[in-house]
Amino acid sequence: GTSITEHVNGKKMSRGNRTVVNVSSSGANINDIRQSANDFHHENLSSVHKVDKIIVSVGTNDVKFYNCWKRNMRKDFKPKLVGLIKDLKQLFPSAQIHFHTMLPIKLVYKYTAESVHQFNNLLLEVCTQFGCFFFDCFSRFLDRSGVLYNSILFRDNYHLNDAGLKVLCRALKFIVYNNLFNPHPR
């Protein structure tokens, strides 16, 4: 994951015989997350068989300054997402792979919201194509009228405050502790 999930406390998320490990790092893009997965695998070879779920938070550092009106989202990001998924499936063959939506971010430029929307649509498409789970938690960060909870859940344009982190952790716990139906298994 990225700085969005960096402060998710794996020990607090763990319970019973389920252990949650968070390998998120601030500033990580898709390629960095791919490298983190490879590093984790290499450093934990004896316990790789125990990994049964992987939750990926991706996109913010790739998209926050991306102008989708001048560039091609699919061309620029689909190969990277596919590479990440293929690596995860090879490194952790018995694990379910879950991607949660890129969270809304404050409009930095006029194209920001559209870039986030396009990235989430691409992520859904790639998850469907490769049999991964897509968890939509985007709306949890909007009010009833669809306006971003800037001052309530975010401490700046991108990062969650403590209240926002609680909302995200509830969503992540749902993924960790519930069996989700995947309509497109592969």
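Is F92 buried or exposed, and what is its relative accessible area? F92 is buried, with a relative accessible area of 4%; here buried means under 20% relative accessible area, exposed means over 50%, and partly exposed lies in between, using a 1.4 Å probe and protein chains only.

The structure is a predicted model, in which local features need pLDDT of at least 70 and side-chain atom pairs count only at pLDDT 80 or more, while totals for chains, interfaces and linings use all residues. Residues are numbered from 1 along each chain as its sequence is written, and side-chain values use heavy atoms, with hydrogens and water left out. The average pLDDT (the predictor's confidence in each residue, from 0 to 100) is 84 for the protein, and 90% of the residues score at least 70. Confidence is highest in helix α4 (residues 73-91), with a mean of 96, and lowest in helix α6 (residues 150-153), with a mean of 68. Where pLDDT is low, the predicted coordinates should not be read in detail.

Read from the N terminus, the order of elements is α-α-β-α-α-β-α-β-α-α. Of the 186 residues in the protein, 48% are buried. Contact means heavy atoms within 4.5 Å, and among contacts between residues at least 6 apart in sequence, 73% join residues at least 24 apart.

The strands come next. Two strands pair if DSSP finds at least two bridges between them. Strands β1 and β2 run parallel and are joined by five bridges. Along this pairing, K53 has Q96 as its bridge partner in β2, and I54 stands opposite I97. On to the next strand, β2 pairs with β3 (residues 133-135) in the parallel sense over three bridges, with F134 in β3 as the bridge partner of F99. Strand β1 is largely enclosed by the rest of the structure, because four of its five residues are buried. Strand β2 is mostly covered, with four of its five residues buried.

A nonpolar core is a set of buried Ala, Val, Leu, Ile, Met, Phe, Trp, Tyr and Cys residues joined through side-chain atoms within 4.5 Å. The largest such core has 36 residues, of which V58, F92, F99 and F119 touch the most other members. Two or more residues of this core come from each of α2 (30-43), β1 (53-57), α4, β2 (96-100) and α5, and the largest share, eight residues, comes from α4. A second, separate core of 19 residues includes L103, F135, C137 and L172.

Back at the opening residue, F92 is found in the loop between α4 and β2. Leaving aside neighbours within four places in sequence, F92 is in contact with A37, F40, H41, V48, V51 and I54. F92 and I54 are 38 residues apart in sequence, and their C-alpha atoms are 8.7 Å apart in space. V58 is found in the loop between β1 and α3 (60-63), and counts as buried at 2% relative accessibility. Not counting residues up to four places away in sequence, V58 touches I30, I33, L81, F99, M102, F119 and L123. From V58 to L103, a separation of 45 residues in sequence, the C-alpha to C-alpha distance is 9.4 Å.

Rings of Phe, Tyr and Trp (its six-membered ring) pair if their centres lie within 6.5 Å, and planes under 30 degrees apart count as stacked, over 60 as edge-to-face and the rest as tilted. Four aromatic pairs are found in the whole structure. One of them is the edge-to-face pair of F77 and F119, at 5.8 Å centre to centre with 80 degrees between the planes. F77 lies in helix α4 and F119 in helix α5 (residues 112-130), so this pair ties together parts that are 42 residues apart in sequence. Beyond four places in sequence, F119 touches I30, V58, G59, V63, M73, F77, L81 and M102.
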